[in-house]
Amino acid sequence: MDVGMQVVAVSADGARAVSRSHGNCMQVWDVSTGIKLHKLKGHTDWVNSVVLSSDGTRVVSGSRDTSVQVWDVMLTCANLVCILNGHTDSVLSVALASNATRIVSGSADMSIWVWEVATGAEIYTLKSSTMVSQLACSGDGTRIVYGSSKYQFVQVWDVSTGAERTLQGCTGCVPCVAISGDGMRILSSSDDKSVRMWDALTGRELKKLTGHAGTVQSIAFSGNGMRIASSSDDKFVRVWDVAMGEELNMLDGHTGKVTCIAVLSHGTQIVSASPDKSVWVWDASTGAELSMQESPPEWHCIAFLTKGTSVMAAGSVVAADSEGTHHSVQVWDVLTGTELHNFYHSDSVTTIAFSSNGMQIASGSDYGALRVWDLLTGEQVHKLRGYKFKDPKFEHHKFPITSVAFLEDDTQIVSSSDIGLLVLDMWTGAGLYTLDNNIHEVTSVAFSSNGNRIVSGSMDQNVHVWDVLIDVELSLIMKGHTGWVTSVVFSSNDTRVVSCLHDMSVHVWDASTGAQLNILQGHIDWVTSVVFSSDDQRIVSCSSNKSVM
């Protein structure tokens, strides 16, 4: 999990975790191995809240796009089961009830909705006096507890009668609420560093647990209701005895604030997660560390050295510390697992490519920096930014670089961004020419093998072919896509172009006439990359659902 991710839910058996990242994306992970199982991308705006069903097969998410989405993540391919629409403002919190047959959602529109998962129908709606940023519900769905991270209150809603009760006594804003399995006791955490336990029937405060030195971010009951676990900005997890209100154990291991905690269904283990990129499993009775998983980096791009046997590079977010996020291009020998180089960027790496001779690697980044590295010496050859082109809009080039490619003889590099294409001299770093033609956000670019043409794909749903041998001009536009183009490439004999799309298809084109030769279908998610075999007889494509065809 990269540093931009935050684990926000763990299944009751501790086997799976869900993290959110990059605004509208979520990831499902195997806790024991750190392997990413699914990438869930369906929301169109920031994901605020995520919950995982107790058996780890369903993910429910609420978003700033005002929708609630339900995902089936049991199988190899994750499926979007349904989208629940009804809120008129950002959905801030979600919860599951009644054996995952009902969903509860709270919103900035000051309402709580209860939904039937099977039909997507609204069952109940409750109007609140303020935005609902935190909520929890009893296992049978009869009680809903909600609070606000901005206000000092906790409310209890009896779904069967419609009655509401305000729990009096909070002295700080409430980042988290929880309810016991039998629905009789309620927990609330606070930025006053305390945890409070309440009687759900009378609203009376039963215990106030103190000991944390920072805001308490997450709280949970054990399955039998005899223990409470809490986590805090102070980097610690604490275990409490419910009957006595005393601290039993303080779990020390995280190097950053602990934002997510779960007591596993059998009650003997606790799982905690942190933006420090670690997930810990603890013995709930002794406080002993049972395992710790440092999640692998999230790779944003990947490339293989075609003329080598086993060298691979990936661009990723690799570390976070008190000085911020570190980004890098990592180069390995994949047969031995040996890391050969680690080239650091100052911002997120978006694309990488090897030179044809395997001596250099080029990498582009979010802030428009194109770097060229020498693989023999490990030194940076160029950092290309702020190119002085004739067109003034390229003078301060700070746009994300979406793709990069070397000319076959390695004398030139072409890079794409959302404002067009840039062709550069490999050895001097000088800008040679630009290609834009009012293209909307170029996503992929490639040279023909003879270097006479450049092909680009973009979000305008077209493929453009440029003749760059004598005069730089647009020679072909290949139209017919029904989604934005994610990857393009020439065949090795330069007679065909293949493109893949966000609409889950792969298209084959005549490189001379622009005629569409074939449409290849079979993927069930958007196709991210495509390539010809060396003899041009086969096409390989991969998809965001982790399938290769």
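Predicted model: local features only at pLDDT ≥ 70, side-chain atom pairs only at ≥ 80, totals over all residues.

Which kind of link do the side chains of Arg 196 and Asp 192 form where they meet?

Author: The side chains of Arg 196 and Asp 192 form a salt bridge, with 3.6 Å from N to O. The two partners sit in unlike surroundings. Arg 196 has a relative accessible area of 6% and is buried, whereas Asp 192, at 24%, counts as partly exposed. The cut-off behind these words is that a residue is buried when its relative accessible area is under 20%.

Another salt bridge runs between Arg 64 and Asp 45, whose closest N and O atoms are 3.1 Å apart. Arg 64 lies in the loop between strands S6 (58-63) and S7 (68-72), and Asp 45 in the loop between strands S4 (36-41) and S5 (47-52), so this pair ties together parts that are 19 residues apart in sequence. Arg 64 is partly exposed, with a relative accessible area of 46%, and Asp 45 is partly exposed too, with 28%.

Now let us visit a glycine. Gly 183 is found in the loop between strand S17 (177-179) and strand S18 (185-189). With a relative accessibility of 1%, Gly 183 counts as buried. Leaving out residues up to four places away in sequence, Gly 183 touches Ser 138, Arg 143 and Ala 200. From Gly 183 to Asp 140 the C-alpha atoms are 8.2 Å apart, although 43 residues separate the two in sequence.

Stepping back, the protein chain has 50 strands and 0 helices. Of its 549 residues, 54% count as buried. Its accessible surface comes to about 22,800 Å², and 49% of that belongs to carbon and sulfur atoms. Among contacts between residues at least 6 apart in sequence, 37% join residues at least 24 apart.

Two groups of strands show how the chain is built up. In strand S33 (residues 349-354), 5 of the 6 residues are buried, so S33 is largely enclosed by the rest of the structure. S33 pairs with strand S34 (residues 360-365) in the antiparallel sense, over 5 bridges. Within this pairing, Phe 354 has Ile 361 of S34 as its bridge partner. The hairpin of S33 and S34 has 5 residues between the strands, and Gly 358 takes a positive phi near 75° in it.

Further along, four strands make an open sheet in the order S45-S46-S47-S48, with antiparallel pairing. Strands S45 (485-490) and S48 (516-521) stand at its edges with a single partner strand each, so one side of each is left without a neighbour in the sheet. On average, neighbouring strands of this sheet are turned by 15° against each other, direction ignored. S45 is joined to strand S46 (residues 496-501) by 5 bridges, and the two run antiparallel. In that pairing, Leu 501 of S46 is the bridge partner of Val 485.

Key
Residues numbered from 1 in each chain as written. Heavy atoms only, no water. Pairing = 2+ DSSP bridges. Axes fitted to C-alpha atoms, helices over the stretch in contact; angles between N-to-C directions. Buried < 20%, exposed > 50% of the residue type's maximum accessible area, 1.4 Å probe, protein only. Contact = heavy atoms within 4.5 Å. Areas by Shrake-Rupley, 256 points an atom, 1.4 Å probe, with all protein chains shown as cover. Salt bridge = Lys/Arg side-chain N within 4 Å of Asp/Glu carboxyl O.
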